[in-house]
Amino acid sequence: MIEKAFTWMANRVAHLAGLPPAFAICVLIVVVWAASGPIFGFSDTWQLVINTGTTIVTFLMVFLIQNTQNRDGAAIQAKLDELIRVSRAHNHFIGIEHLTESEVEEIRAKCEAAAKRHDRKIAETAANKVVAGKNGTRHAAKTTGAAAKKPVAGKNSSKKKAAA
């Protein structure tokens, strides 16, 4: 029950703190404080009021915002894990946020290398299609050795047969 109450309060405060009126209220407080400086003779107490107030608010907001971000991050991870689980992606990616930084970096490097290999393969396929299109064939013919040296029968070859 305490956890639910804290979650509700953290969400509410984080939401309200991010609204423009909250910023306007904070600016107004600072302006009023600065304008009251001459009245209080810019005393140590006058400075202590703003320092103490901002320190307390900052201290509390760090914990509230961190709690909100932790829950948001965990929810996003759960959603991504479910997408990985139901797709053709590799299930070993589920839960990698719990690995060490170096382990995650190793996986990221492997993914980048796989993406580069995939990009090269797509580029080669596209280049083969372009070459095939220029040669007038539908598919890029892969020829090797003697097969590449075979003469192609054309108009001139049939005339030579007829003349012989």
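Relative accessible area sorts residues into buried (under 20%), exposed (over 50%) and partly exposed (in between), computed with a 1.4 Å probe on protein chains only. The structure discussed here is a predicted model, in which local features need pLDDT of at least 70 and side-chain atom pairs count only at pLDDT 80 or more, while totals for chains, interfaces and linings use all residues. Residues are numbered from 1 along each chain as its sequence is written, and side-chain values use heavy atoms, with hydrogens and water left out.

Rings of Phe, Tyr and Trp (for Trp, the six-membered ring) pair if their centres lie within 6.5 Å, and planes under 30 degrees apart count as stacked, over 60 as edge-to-face and the rest as tilted. By this rule the count comes to three aromatic pairs. In one of the pairs, the ring centres of Trp 33 and Trp 46 are 4.1 Å apart with their planes at 5°, so these two rings are stacked. Because Trp 33 belongs to helix α2 (residues 20-35) and Trp 46 to helix α3, this pair ties together parts that are 13 residues apart in sequence; helices here are DSSP runs (H or I, at least four residues), numbered from the N terminus. Trp 33 is partly exposed at a relative accessible area of 22%, whereas Trp 46, at 9%, is buried.

Trp 46 also pairs with Phe 42, the ring centres being 5.1 Å apart and the planes at 90°, so this pair is edge-to-face. Phe 42 is located in the loop between α2 and α3, is partly exposed with a relative accessible area of 47%, and has a phi near 50°, a positive value in a residue other than glycine.

Helix α3 is also involved in a helix-to-helix packing. Helix α1 (residues 2-17) packs with helix α3 (residues 44-86) at an angle of about 105°, their axes lying 9 Å apart; the axes are lines fitted to C-alpha atoms over the stretch in contact, and angles run from 0 to 180 degrees between N-to-C directions. That makes α1 roughly perpendicular to α3, since 65 to 115 degrees counts as roughly perpendicular. The contact (heavy atoms within 4.5 Å) involves residues of α1 including Phe 6, Met 9 and Val 13, and residues of α3 including Met 61, Leu 64 and Arg 71.

The structure also holds four salt bridges, each defined by a side-chain nitrogen of Lys or Arg within 4 Å of a carboxyl oxygen of Asp or Glu. In helix α3, Arg 85 and Glu 82 are three residues apart, about one helical turn, and their side chains meet in a salt bridge at 2.6 Å, N to O. Arg 85 is partly exposed at 47%, and Glu 82 is partly exposed at 38%.

Helix α4 (residues 101-134) contains Arg 108 and Glu 105, three residues apart and separated by about one helical turn, with a salt bridge of 2.4 Å, N to O, between their side chains. Glu 105, Arg 108 and Glu 112 are linked in a network of salt bridges. Lys 110 forms a salt bridge with Glu 106, the closest N and O atoms being 3.6 Å apart; both residues lie in α4, four residues apart. Lys 110 is exposed at 53%, whereas Glu 106 is partly exposed at 47%.

Note on methods
Helix = DSSP H or I, 4+ residues; strand = E, 2+ residues; numbered from the N terminus. Parallel < 35°, antiparallel > 145°, perpendicular 65-115°, else oblique.
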